[in-house]
Structure formats: structure tokens, C-alpha cells
Amino acid sequence: MPDYEMIVIGSGPSGRRAAVQAAKIGKSVLVVEKGRRVGGVSVHTGTIPSKTLRETVLNLSGWRERGFYGRSYRVKQDIGAADLLARLHKTLDHEVDVLEHQFSRNGVKTARGEARFVSPYDIEITGETGEHTTVSGSHILIAVGTRPFRPDYVPFNGTNVFDSDEIVELPRLPRSLAVIGAGVIGVEYATIFSALDVQVTLIEPRSSFLDFIDKELIEEFVHELRDRNVSLRLGANVGSIELGNDGRPICRLSDGRTVTTDMLLFAAGRVGATDTLNLGAAGLDVDHRGRLKVDPKTLQTSVPHIYAAGDVIGFPSLASTSMEQGRVAACHAFGLEPPPPPEFFPYGIYSVPEMSTVGMSEEEVRRREIPYECGIARFRETSRGHIMGLNTGMMKMIFSVKTRRLLGVHIVGEGATELIHIGQAVLNLKGTIDYFIENTFNYPTLAEAYKIAGLDAWNRMSRV
Ligand SMILES: Cc1cc2nc3c(=O)[nH]c(=O)nc-3n(C[C@H](O)[C@H](O)[C@H](O)COP(=O)(O)OP(=O)(O)OC[C@H]3O[C@@H](n4cnc5c(N)ncnc54)[C@H](O)[C@@H]3O)c2cc1C
């Protein structure tokens with residue numbers, strides 16, 4: 001008899017959700033976590049810390065009120081690293097507390113240590129003091145997530161050159177910051193620091209960024225960043241990074257330009273945390289980025305009783321989707337049929353301003369040659385926007401001219417990551433433009449933008 005019906009390696013969103021789901025149907029579950037506390041990248045270095053930092057910056061800087069009182073408005077004059085960290089630690093403690101309680105309430109056992117396979121069913125756990133324990137499981141979920149990609153040419157030093165896991169514990173606030181990599185993480189941190197009046201340079205080798213987002217939204221976003229003096233260095237590779245005589249990082253770009261700043265954040269990619277798992281003993285293999293391949297419907301690896309979920313399986317690498325994958329894996333392992341995943345899930349980018357998107361972009365609709373029409377609403381057209389002093393913010397909706405169905409919603413501006421869920425519901429319920437025209441929305445709200453954008457599209461479509 002194996003020791004556990006399910007062993008979960010990693011306590012991030014996918015591991016946590018799988019463990020609780022398996023426990024809820026009466027299975028014996030062990031979660032192995034090598035970190036000091038449960039929660040994973042999501043709680044300790046990724047999602048929650050970056051979002052807490054963002055919220056603290058927006059609150060202390062008075063960012064949300066500047067549209068009304070002017071750009072010089074501040075809630076707190078001298079914001080230091082300690083101000084940011086105080087709220088961070090409080091929030092993380094609370095998150096860990098909730099998670100530990102959830103595990104104990106559901107009878108999920110936890111073991112602290114690093115897990116590695118010794119056979120397809122046996123896991124060796126190495127504790128903090130080097131002691132080994134071996135446990136067996138009839139099902140195993142690999143939920144080890146990722147760690148930052150740290151190429152040799154970057155002089156990481158924990159003082160002024162950081163990766164995206166280290167930046168959450170930064171010792172002081174820089175006057176200037178270079179961010180390498182304009183993916184979601186790079187863009188979020190670049191704009192959060194810029195909201196603190198740090199002079200930010202965002203460096204990206206490709207000539208565009210966040211290509212999965214509707215181009216018109218990105219144009220709006222870029223316009224706002226330029227207006228705030230964020231320097232964008234797109235289309236140039238990083239040739240070298242060295243520390244100058246004064247210790248400041250100097251970044252030499254392939255187009256001949258040089259960027260010298262107080263601090264540098266390297267946020268160009270992450271790799272699967274699979275190198276110490278001894279996957280060979282389980283008969284498994286990874287790709288060049290350390291990621292595992294699974295059946296997308298069941299989350300099984302090529303060894304049927306071993307599942308993998310979360311960032312370690314790659315796209316879309318979100319806490320939100322990782323949780324769902326964990327649940328699907330646990331349900332499949334124990335013969336429960338989880339409902340099929342919805343056709344569309346939302347993306348939230350917690351930059352300043354935030355962006356959120358669900359469904360098809362205009363570029364994708366064109367590629368598929370679907371006859372379409374767009375409706376646009378500006379937040380300043382809503383009364384709520386006036387009350388809040390919003391000068392920026394935009395919503396774009398795309399509808400099929402033939403079926404009138406909603407195809408995509410794209411929002412940049414205050415509350416985008418919350419507002420998107422109305423669009424998500426209509427989209428996944430296969431709703432049409434009529435939903436937005438016929439329904440009454442609370443007044444005054446930013447959600448009224450749905451009505452305005454809907455009417456905008458409807459007016460154009462009725463002419464067609
Ligand atoms: C800066 C940043 C911001 C982000 N913002 C968002 C956001 O706003 N919204 C969103 O949805 N997603 C966001 N994400 C992504 C999100 O954090 C990940 O998608 C999510 O954490 C992945 O969950 P996971 O289940 O794969 O496990 P992870 O959270 O990656 O955790 C894996 C755990 O496994 C443990 N582990 C690894 N190897 C072993 C081993 N051998 N033995 C034992 N334990 C091991 C690790 O210590 C870790 O605790 C962000 C990520 C980053 C880095």
C-alpha cells in the first residue's frame with residue numbers, strides 16, 4: 001500500500017488546489033514544499049507580492065487622485081522601501097495563515113523539504129538539516145512552478161541588480177531603474193516604479209511587446225507611459241551589462257545606446273524548477289526551458305499516474321489558470337469528471353494603468369476573416385470617471401456583424417482587471433451586443449463603459 005493516495009510537490013496555486021480537491025473527496029494527501037512557508041511563487045515572490053507592492057505604491061503616492069488634484073499630489077512625501085515592505089509582510093503573513101488553515105481544515109499533510117523521485121512511485125524528501133525521508137504515492141502531482149532565468153552575463157548581486165523574485169525585498173528605492181524584458185512581469189514592475197517617480201527605462205529586444213494584447217490597447221498604454229517619461233528601448237538586444245566604477249549597472253545595447261541606472265531588474269523569462277527532481281527516475285523528460293509536457297485535458301504526463309500542473313507546464317502561466325489545472329488533475333486522478341474548461345479566460349496585467357483582456361483581439365478577428373465591428377468607450381465619458389478624476393482609460397468591444405456575438409473585450413485603465421469579468425461572462429455564455437443595449441447598469445459606475453461601447457458598436461452595425 002502506498003503511504004498516500006496523492007503526493008503533491010509544490011504548494012503554489014496548482015498544488016494547493018489539487019491537494020484540497022483530493023482531500024475533499026476523502027483521499028490522503030501529502031504536500032511537499034521546499035520553501036520556508038507554503039504558498040509558492042504566487043504568495044512569496046510573484047503574484048501577491050507584486051500586487052501588494054502596486055497597491056501600496058498607488059495608495060501612498062496618491063496616484064489615483066492625481067487626475068483631480070494634479071501631478072504633484074502626494075499622500076506621503078518621502079516613500080521608502082520600508083513603507084513598501086511593511087504592507088507586503090503583513091499581507092503575505094495573512095495569505096500563508098489562510099493557506100495553512102485550509103490545509104489543516106481539510107486534513108492535508110505537509111512536509112518541509114526538497115522532493116526528488118527515486119522511482120515512479122517513490123519520493124525522497126531532503127529536510128533542512130539534510131535528513132532524508134522516503135514516501136510513496138499512488139498518484140503524484142508535479143507542481144514545482146518556475147524560477148527566474150538568470151543568464152551568466154547578468155551580474156546579479158542582490159544589491160542593485162535583481163531578478164524578479166528578489167525585487168520584492170529591495171533594500172532601498174532607486175532614483176532610476178532599467179528593466180530588461182517587456183513581458184507581463186517587466187511591464188508591471190516598470191510602471192509600478194514609474195508611479196513612484198523613479199526614472200524607468202524599459203528594454204526589450206523585440207520591436208513590440210505584449211503581442212497577445214489588442215494593438216489599439218497597447219498604443220493607448222504606450223502613449224500614457226511616454227507621457228509619464230518612461231523610456232522605451234524596443235528592438236535592441238542587450239549586448240552586455242557591467243557595473244561601472246561607481247557600482248551602477250551599465251547596459252550596452254546592440255544599437256549602440258547605453259543605459260546607466262541606479263538599479264537593474266532582469267525580467268526576461270523563467271524556467272521550470274525541475275532540475276533537482278531527478279525526473280529520469282520517474283521516466284520523465286523536460287524541454288529546453290525545464291517544462292513538462294502533459295495531456296491538456298487530463299494534465300497527465302507520459303507516465304499516467306504522474307500529473308503536472310501550473311507554470312511547470314508552460315502557457316498560460318497564471319495563478320488563476322494554475323488553480324484550475326490543479327483541480328482538474330486531482331479530479332481526473334480519482335475518476336471525477338471536471339467540467340470542460342471555458343472557451344475564454346481573462347488576462348489581467350497589473351501595470352499602472354492596468355490592462356485586462358478576454359476573447360479575441362482585433363488582429364485575431366481579422367486573421368480569422370470574421371466580419372466584425374468595434375465599439376469604444378472612454379472612461380472620461382462616464383459620470384463615475386468624472387467623479388474619480390479619470391482622464392484616461394478605455395474599453396474596446398468587438399462584435400461579429402453576422403451573429404452579433406461578442407468576440408472580445410479589451411480594457412486599459414482603472415479597475416480593468418475587475419471590469420473584465422462582465423465581458424467574460426457574456427462571452428462564455430455566448431451573448432450578443434443586445435445584452436449591453438437592453439440592460440441597465442448601475443449609475444454612476446465605470447461598468448457603464450460597457451453600455452457606451454455597446455451602443456457605439458450598435459450604431460455602426462445598424463448602418464451596415
Ligand atoms: C512577478 C510575478 C507576478 C505575477 N503576477 C500574476 C498575476 O497578477 N496574476 C496571475 O494569475 N499570475 C501571476 N503570476 C504568475 C503566478 O505567480 C504563477 O502562475 C503561479 O504562481 C504558478 O503556480 P504553480 O502552481 O505553478 O506554483 P508556484 O507558485 O510556482 O510554486 C511552486 C512551489 O513549488 C516549490 N518547489 C519547487 N521545487 C520543489 C521541490 N523539488 N520540492 C519541494 N517543493 C518544490 C517551490 O518552492 C514553490 O513554493 C505572476 C508571477 C510573477 C513571477
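**Domains, ligand and salt bridges in a predicted model**

Me: Across the interface of domain 2 and domain 3, how many salt bridges does the rule find?
Reply: The structure is a predicted model, and its chain is divided into domain 1 (4-148 + 271-333), domain 2 (161-268) and domain 3 (347-463). A salt bridge requires a side-chain nitrogen of Lys or Arg within 4 Å of a carboxyl oxygen of Asp or Glu. Glu216 and Lys396 form such a pair, with their closest N and O atoms 2.6 Å apart. Across the interface of domain 2 and domain 3, the number of salt bridges found is 3.

Me: What is the area buried between domain 2 and domain 3?
Reply: The C-alpha centres of the two domains, domain 2 and domain 3, are 30 Å apart. Their contact involves 19 residues from domain 2 and 22 residues from domain 3. Carbon and sulfur atoms give 66% of the buried area, which amounts to about 1,700 Å².

Me: Which residues of domain 2 lose the most area to domain 3?
Reply: The area buried between domain 2 and domain 3 is about 1,700 Å². On the side of domain 2, three residues together account for 34% of what is buried there; they are Asp214, Leu217 and Glu220.

Me: Which element gives the most residues to the side of domain 2 that touches domain 3?
Reply: The rule finds 8 residue pairs in polar contact across this interface of domain 2 and domain 3. On the domain 2 side, the elements giving two or more residues are α6 (184-195) and α7 (215-227). By class, that side has 11 nonpolar, 1 polar and 7 charged residues. The element that gives the most, with 8 residues, is α7.

Me: How far from an oxygen atom of the ligand does a polar side-chain atom of Ser14 lie?
Reply: The ligand is surrounded by 36 residues, and the closest are Ser14, Glu33, Thr47, Lys51 and Asp311. Asp311 has a polar side-chain atom 2.7 Å from an oxygen atom of the ligand, while a polar backbone atom of Lys34 is 3.1 Å from a nitrogen atom of the ligand. For the polar side-chain atom of Ser14, the distance to an oxygen atom of the ligand is 2.5 Å.

Me: How many residues apart are Arg74 and Asp197, which link distant parts of the chain?
Reply: The structure holds 32 salt bridges. In one of them, the side chains of Arg74 and Asp197 meet at 2.4 Å, N to O. Arg74 lies in the loop between α4 (66-69) and α5 (81-105), and Asp197 in the loop between α6 and β10 (199-204); the number of residues separating the pair is 123.

Note on methods: Residues numbered from 1 in each chain as written. Predicted model: local features only at pLDDT ≥ 70, side-chain atom pairs only at ≥ 80, totals over all residues. Heavy atoms only, no water. Domains from an automatic or database assignment. Contact = heavy atoms within 4.5 Å. Buried area = accessible area lost by both parts, 1.4 Å probe. Polar contact = N/O pair within 3.5 Å; in protein donor to acceptor, adjacent residues only side chain to side chain. Helix = DSSP H or I, 4+ residues; strand = E, 2+ residues; numbered from the N terminus. Nonpolar A, V, L, I, M, F, W, Y, C, P; charged D, E, K, R; others polar. Near = heavy atom within 4 Å.
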